[in-house]
Amino acid sequence: MVSLNIGEAADWPHWRGPNRDGVAPGVALPEKWPADPPKEKWKAFVGLGFSGPAIVGNRIYILGRVDKDERCLAFDADTGKELWKVEYPEPFTAPDPTAGKGPNSTPTVDGDRVYMLGLGGMLHCLDAANGKVLWKHDCMKEYWGVKKGILGDEWHPPCGASASPLVDGQNVLIPIGGAKAGAFTAFDRKTGDIVWKALDDRSSYASPTIASPGGVKQIVGFTGTRMVGLRYSNRELLWDVPFKARFEQTIISPVVWKDLVIVAGEAKPTTAIRVKESSGKVTHETAWTSDDLKSYLTTPVIFQDHLLGFDMRTSRLACLNAETGETAWTSPRVPGKYHSLVLAGNVVMCLNSEGELTVFEASPKEYKEVVKWTLAEKGTWAHLALAGNRLYVKGKENLYSYELPK
């Protein structure tokens with residue numbers, strides 16, 4: 001997995017940035033934020049879906065859908081020119097029309113390769129330079145379709161695969177789901193062969209992470225029904241916390257801070273699980289819960305020992321002390337049902353589903369707005385990406401590039 005120290009200039013190679021934590025290091029921020037939004041540098045047609053862009057060097061990778069076909073795309077980051085395209089038919093449609101036609105997963109760039117997961121489970125490993133298919137799996141045909149239930153297929157999320165691949169050394173980790181491939185699956189990055197699988201649960205919409213809460217290296221992530229910690233060395237289940245959500249909507253990526261795993265989603269109180277290790281035994285307990293932050297889709301970010309998220313009931317941003325769960329502040333009402341949060345230097349950028357970007361100070365003391373811009377057309381449910389001084393926003397069908405003023 002790409003990992004950079006905060007403060008270094010960085011690409012945006014996968015879900016939620018260089019370290020998958022919603023932090024954009026090395027961004028060239030303006031000294032004075034103008035009231036008027038920057039003009040779009042370019043826009044490029046992608047198609048439907050909520051896939052966020054991945055940016056490495058002068059290339060952008062993203063997924064989209066046009067009619068009955070999904071497409072994997074690469075664009076020139078300077079001009080928006082399409083460089084290559086891989087298309088394939090995708091018959092899967094979500095039972096809930098409000099979920100969209102997908103795809104929702106953000107690509108992961110790994111050196112000369114890029115991994116892309118479609119809504120119906122088409123997993124591609126492509127040559128990042130030219131789009132050549134190096135290997136692929138049709139998860140619907142190979143791993144799913146065995147067990148049916150009231151929500152449809154019992155092994156993948158009801159509204160389709162949405163998790164973003166996680167590269168770990170020579171493996172690519174993806175929550176596939178079910179007994180054939182496991183709720184967490186590691187594929188060999190070169191061959192696409194399954195290296196290991198863990199748990200038989202239905203998979204989650206959420207993307208897992210690798211961290212060391214309690215000083216024990218673990219794979220931490222949602223299945224369709226619970227949050228789990230698996231020992232990194234052998235995938236042994238170390239701990240789990242049930243998370244029963246309507247239609248098994250485990251969507252938000254876990255936030256790991258020190259020895260806490262912070263869990264949120266489906267209008268439940270945000271919960272911090274403290275993981276401990278003593279004499280080789282790993283235990284867990286609830287450290288705190290917060291009714292002031294009941295999220296649904298928005299993964300929180302951490303800054304200055306505080307947790308920032310979006311409360312879906314009140315439509316307000318909420319800032320909590322990460323150690324205690326106490327509320328530091330809440331914002332005025334913020335439009336939109338989805339919000340992506342990016343910490344950049346001394347500010348937080350919040351892009352809502354109305355295409356409105358709010359920039360405010362990264363302060364644990366108060367909510368202080370810096371500027372508010374309208375950037376993309378209504379329907380922006382993909383995660384904001386930020387690389388250098390450029391903002392990338394996926395609208396309903398188009399990808400937009402904006403350049404921050406110097």
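A contact is defined here as a pair of heavy atoms within 4.5 Å. On this definition, residues 24 or more positions apart account for 50% of the contacts in the chain with a separation of 6 or more. The structure is a predicted model, in which local features need pLDDT of at least 70 and side-chain atom pairs count only at pLDDT 80 or more, whereas totals for chains, interfaces and linings use all residues. Residues are numbered from 1 along each chain as its sequence is written, and side-chain values use heavy atoms, with hydrogens and water left out.

Two helices and 34 strands make up the secondary structure assigned to the chain, taken as DSSP runs (helices, H or I, at least four residues; strands, E, at least two) numbered from the N terminus. The C-alpha trace spans about 55 × 50 × 40 Å along its principal axes. Of the 406 residues, 60% count as buried, that is, under 20% relative accessible area with a 1.4 Å probe, protein chains only.

The largest nonpolar core comprises 35 residues, a core being a set of buried Ala, Val, Leu, Ile, Met, Phe, Trp, Tyr and Cys residues joined through side-chain atoms within 4.5 Å. Tyr392 is among the residues with the most contacts inside this core. Not counting residues up to four places away in sequence, Tyr392 touches several residues, including Trp42, Ile60, Leu384 and Tyr400.

Ser162 is located in the loop between strand S11 (152-153) and strand S12 (166-168). Its relative accessibility is 13%, so Ser162 counts as buried. Beyond its neighbours within four places in sequence, Ser162 is in contact with Asn104, Ser105, Leu119 and Tyr205.

Definitions and conventions
Buried means under 20% relative accessible area, exposed over 50%, partly exposed in between (1.4 Å probe, protein chains only).
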